[in-house]
Amino acid sequence: ARGGAISAGMSAAGYVHMPAGNVATAIPASFAPTKAAAPADYTVLTGDTVSAIAGRFDLGVRQVLDLNNLGATSLIHPGQTLRLTDSGAAPAAPAAAPSAPAPSAAAKYTVQTGDTISAIAAAHSLSVHEMLTLNNLSPASIIRPGQLIKLADGGPTATAAPAAAAPTQAATATAGYVIKAGDTLSAIAAANNVSVQDLASANGLTANSVIHPGQSLNLPGSLSVASSEAPTQLVPSTFLHYTYPEAVVTQANVNKTALLAAPIPSRDQIKDLVATTAARMGVTPSLALAFALQESGFNHQSVSPANAIGTMQIIPQAGEWASELVGRHLNLLDPQDNVTAGVAIIRALVSTSDSLDNAIAGYYQGQYSVSLYGMYPDTANYVASVKENQLTFG
């Protein structure tokens, strides 16, 4: 997805092979990928996750976990065989990765660096909604290392941190639905007597969108908070002579409003976060810093009309891909998760591109587009600018 004026924090960095302004529009049925029939057994490949395998064959994550005696925290390994249908004997769960036990009364958890509410919930077989309710938190709350999180009734309640980046998906009114582990759009639609297309359209999704436990969905006919209380117009609808769809700009304003209301790290703190995350993930820190400077100037409150979010300017669809790359759901409004998403994408591009220039271009224009059409003139300028930025970081 092509962006522009990146130094002002207004890029549309991402990896969809269409204009970034189309991210909230439905994919025509003729372009929807055909789901392969699920084989009885599947051999895990490098980079696979349970959610990716389930999505590939239109299965529920919980269904795959249950068929293989796995838990929410179980690991899978290349070469491992997974059952995808209910015929035959279930493979034994890997001994090195037992499922998390159900929390006992008064159980609590101490937040570690890099933790998110959704990751903690999944690790302890809880929904995000249950976690929030147990700890008197809201979807806009943030958690911090050292904070105590309650996992069952009877334990100490976590102190709610100041309001933070709310989930990218808009919150819904009471007529909505909170996604649980193993849910699929088709199952939710069937349970609520609506079509998959109507459910997807009501939430700015397509029939093939990835959904996550704890995410809220509008049910067709219900009134969403975002639609009844329109956000302040903070993000323009037009940028570089391109006018973005109203639904995309509306969501961008929801995210901008949340970021402006949240306690955000300083630019120096963001720089440190980018450098340390890159080093930990095997990416040259100076390269990651060069991207962050180009995309947002280390301003995590940046949101573009294309709904490119935060320090690394990631659109939601690219965030879903980054979540698959790292094996957990990433909240693009959370500073650490946003940087993790950007660094994961940089790492993937560098490892799969035939040159560093093409990897940098892929972050701006999209890797497939670069391979098909070469660099556009504005992409070439972007690459030159990122490379010049990198020199300033050693």
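Reader: Why is D357 called partly exposed?

Author: Buried means under 20% relative accessible area, exposed means over 50%, and partly exposed lies in between (1.4 Å probe, protein chains only). D357 has 28% relative accessibility, so D357 counts as partly exposed. The model is predicted: local features need pLDDT of at least 70, side-chain atom pairs count only at pLDDT 80 or more, and totals for chains, interfaces and linings use all residues. Residues are numbered from 1 along each chain as its sequence is written, and side-chain values use heavy atoms, with hydrogens and water left out.

Reader: What makes D357 and K387 a salt bridge?

Author: The term requires a side-chain nitrogen of Lys or Arg within 4 Å of a carboxyl oxygen of Asp or Glu. The closest N and O atoms of D357 and K387 are 2.9 Å apart, so the pair meets the definition. Because D357 belongs to helix α13 (residues 356-365) and K387 to helix α15 (residues 377-392), the pair ties together parts that are 30 residues apart in sequence. K387, at 36% relative accessibility, counts as partly exposed.

Reader: How many salt bridges does a search of the whole structure find?

Author: The search finds 2 salt bridges. One of them joins the side chains of R328 and D337 at 3.0 Å, N to O.

Reader: How do you know whether D337 is buried or exposed?

Author: D337 has 1% relative accessibility and therefore counts as buried, whereas R328, at 25%, counts as partly exposed.

Terms used
Helix = DSSP H or I, 4+ residues; strand = E, 2+ residues; numbered from the N terminus.
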